[in-house]
Amino acid sequence: MVGSMAHSRARPNPADGKPPVRRAAATVGVLFLLVGALGFVPGITTGMDALRFAGHGSGAYLFGVFQVSVLHNLVHLAYGVVGLLLARTVTGARAFLIGGGAVYLVLWLYGLAVDHDTGANVLPVNDADDWLHLGLGVGMIALGVLTGRARP
């Protein structure tokens, strides 16, 4: 089939008409929910027997790289829920991406400043988490700024 008939039977795109900033915030929210849930899945998270509620003593690693705890996973789940809720409006979506990105930049600074082997490392974070937080912070802010612009 060609022309207008080529797509007449295609499913409608659920994103049609939704501003890009809302789609971006919803996508980031879903990713946070997924990562938070995966933090509780044995095999995807190694060292589940060493998973602790909080603190640097947690020996569980998401994908074998990112140190996680129950609190860390719950924060990701909460971030995902907040992202989906705020993605319902353009203003909320932009605030989630830019504000959430700023929070992740603060977490990156926290990870650089805190001694990873002390009780102050409550989330916990390791070097891989620090780099991920930097990337998330910059990426979320960029998404909020670039997709939140008014179209000409």
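Accessible areas here come from the Shrake-Rupley method with a 1.4 Å probe, and for residues only the protein chains shown count as cover. On that basis the accessible surface of the protein chain comes to about 8,600 Å², of which 69% belongs to carbon and sulfur atoms. The model is a predicted one, in which local features need pLDDT of at least 70 and side-chain atom pairs count only at pLDDT 80 or more, whereas totals for chains, interfaces and linings use all residues. Residues are numbered from 1 along each chain as its sequence is written, and side-chain values use heavy atoms, with hydrogens and water left out.

**Overall make-up**

The protein chain contains four helices and three strands, where helices (H or I, at least four residues) and strands (E, at least two) are DSSP runs numbered from the N terminus. Read from the N terminus on, the elements follow the order α-β-β-β-α-α-α. Of the 152 residues of the protein chain, 33% count as buried; buried means under 20% relative accessible area, exposed over 50%, and partly exposed in between, with a 1.4 Å probe and protein chains only. Among the contacts (heavy atoms within 4.5 Å) in the protein chain with a separation of 6 or more, 61% are between residues 24 or more positions apart.

Helix H3 (residues 90-113) has 24 residues and spans 34 Å from its first C-alpha to its last, close to the 34 Å expected at 1.5 Å a residue, the expected span being 1.5 Å times one less than the number of residues. Its buried residues are Gly92, Ala93, Phe96, Leu97, Gly100, Gly101, Tyr104, Leu107 and Gly111, and the buried residues of H3 pack against helix H1 (20-38), helix H2 (70-86) and helix H4 (127-147).

A search of the whole structure finds four aromatic pairs. Rings of Phe, Tyr and Trp (its six-membered ring) pair if their centres lie within 6.5 Å, and planes under 30 degrees apart count as stacked, over 60 as edge-to-face and the rest as tilted. Two of the pairs involve Tyr104 and are set out here.

| Pair | Centre to centre | Angle between planes | Class |
|---|---|---|---|
| Phe32 and Tyr104 | 5.5 Å | 25 degrees | stacked |
| Tyr79 and Tyr104 | 5.2 Å | 85 degrees | edge-to-face |

The pair of Phe32 in helix H1 and Tyr104 in helix H3 links distant parts of the chain, 72 residues apart, and both Phe32 and Tyr104 are buried. The pair of Tyr79 in helix H2 and Tyr104 in helix H3 likewise links distant parts of the chain, 25 residues apart, with Tyr79 and Tyr104 both buried. Ring pairs link Phe32, Tyr79, Phe96 and Tyr104 into a cluster.

**Loops around strand S3**

Both Phe63 and Val65 lie in the loop between strand S2 (60-62) and strand S3 (66-68). Phe63 has a phi near 60 degrees, a positive value in a residue other than glycine, while Val65 is partly exposed, with a relative accessible area of 41%. Together with Val41 and Ile44, Phe63 and Val65 form a nonpolar patch on the surface, with about 300 Å² of accessible area together. Patches are made of residues with over 30% relative accessible area and no salt bridge, like charges being joined within 9 Å and nonpolar side chains (Val, Leu, Ile, Met, Phe, Trp, Tyr) within 5 Å; a salt bridge is a side-chain nitrogen of Lys or Arg within 4 Å of a carboxyl oxygen of Asp or Glu.

Ser69, in the loop between S3 and H2, is buried, with a relative accessible area of 0%. Not counting residues up to four places away in sequence, Ser69 touches Leu51, Arg52, Phe53, Ala54, Ser58, Leu123 and Pro124.
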